[in-house]
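Student: Please take me through the reading of this model one feature at a time, with the general idea before each case.

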Amino acid sequence: MTQEGGELDSLVRKRIRALRVAQGWSLEELATRAHLSQSSLSRIENGQRRLALDQLVTLARALDTTLDQLVETATDDVVTSPTIASTHGQMRWTVKAAPGMSVVRQRMTEPPPENPARMRAHPGHEWLVVLSGTAILMLGHRRFRLETNQAAEFPTMMPHAIGADGGPCEILGIFDRDARRGHQRDGGDAQGAPE
């Protein structure tokens with residue numbers, strides 16, 4: 001086995017043990033869930049038994065993960081720098097593990113539009129958290145006041161807009177591919193809505 005293969009083997013064994021411990025399971029509990037003997041699982045975790053693909057699939061299922069996640073290796077490009085849109089006061093990071101998903105940080109000073117015609121609706125899903133200040137989320141005919149550290153999650157087919165309340169606020173939003181595209185199609189920065 002190559003050095004790289006040996007490192008992966010060791011990493012997978014450590015992951016199996018770490019996931020088992022994180023669930024609070026004993027060797028016996030995981031072995032029962034994975035239909036293995038306790039001694040076989042112990043030898044797998046300790047490197048005394050060869051890793052077999054069929055056992056890895058079974059262990060991944062028992063640990064509520066996937067085979068891909070169990071054997072995933074780290075990449076060198078761990079750190080990501082944002083792109084900055086100075087005209088809208090936004091910083092945007094892409095999420096490498098989920099292509100099409102992005103994280104946006106935005107400072108808002110204006111309240112959301114009162115006119116429902118200025119709200120957006122498009123396919124997708126958004127999640128946001130208020131980092132500082134107070135934000136108002138308009139969602140259909142409902143108005144939500146979000147204080148610092150409060151979060152909101154909603155499907156973007158509901159007409160929506162967000163803005164500041166009583167002074168500047170800063171939000172961090174996570175947008176799936178469809179939500180991000182919807183905001184880009186709408187022209188980026190309709191009143192008070194993150195791009």
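Student: How many of the five residues of strand β5 are buried?

Tutor: Buried means under 20% relative accessible area, exposed means over 50%, and partly exposed lies in between, with a 1.4 Å probe and protein chains only. Strands are DSSP runs of E with at least two residues, helices are runs of H or I with at least four, and both are numbered from the N terminus. In β5, residues 135-139, five of the five residues are buried, so the strand is largely enclosed by the rest of the structure. Keep in mind that this is a predicted model, in which local features need pLDDT of at least 70 and side-chain atom pairs count only at pLDDT 80 or more, while totals for chains, interfaces and linings use all residues. Residues are numbered from 1 along each chain as its sequence is written, and side-chain values use heavy atoms, with hydrogens and water left out.

Student: Which residues point one way from β5, and which the other way?

Tutor: In a regular strand the side chains alternate between the two faces of the sheet. Here Ala135, Leu137 and Leu139 point one way from β5, Ile136 and Met138 point the other way, and all of them are buried.

Student: In what order do the strands of this open sheet lie?

Tutor: Two strands count as paired if DSSP finds at least two bridges between them. The three strands form an open sheet in the order β6-β5-β8, with antiparallel pairing. Because β6 and β8 stand at the edges, each with a single partner strand, one side of each is left without a neighbour in the sheet. The twist averages 20° from one strand to the next, where axes are lines fitted to C-alpha atoms (for helices over the stretch in contact) and angles run from 0 to 180 degrees between N-to-C directions.

Student: Which residues have the most contacts inside the largest nonpolar core?

Tutor: In soluble globular proteins, nonpolar side chains tend to be buried together. A nonpolar core is a set of buried Ala, Val, Leu, Ile, Met, Phe, Trp, Tyr and Cys residues joined through side-chain atoms within 4.5 Å. The largest has 16 residues, and Ile16, Leu30 and Leu59 have the most contacts inside it. The elements giving two or more residues to this core are α1 (3-22), α2, α3 (38-46) and α4 (53-62), and α4 gives the most, with four residues. Contact means heavy atoms within 4.5 Å; leaving aside its neighbours within four places in sequence, Leu59 is in contact with Ile16, Leu30, Ala34, Leu36, Leu41 and Ile44. Apart from this core lies another, of 13 residues, among them Val130, Leu139, Ala152 and Ala164.

Student: Which residues of α2 are buried, and which of α4?

Tutor: An α-helix has 3.6 residues a turn, so residues three or four places apart point the same way. In α2, residues 27-34, the buried residues are Leu30, Ala31 and Ala34. Seen down the axis of α2, they fall within an arc of 100°, so they line one face of the helix; the arc is that of the directions from the helix axis to the C-beta atoms. On the other side of α2, Glu28 and Thr32 are exposed, and just after the helix His35 takes a positive phi of about 60°.

Tutor: In α4, the buried residues are Gln55, Leu56, Leu59, Ala60 and Ala62. They cover an arc of only 160° around the axis, which puts them on the same side of α4. The face turned away from that buried side carries the exposed residues Leu53, Asp54 and Arg61.
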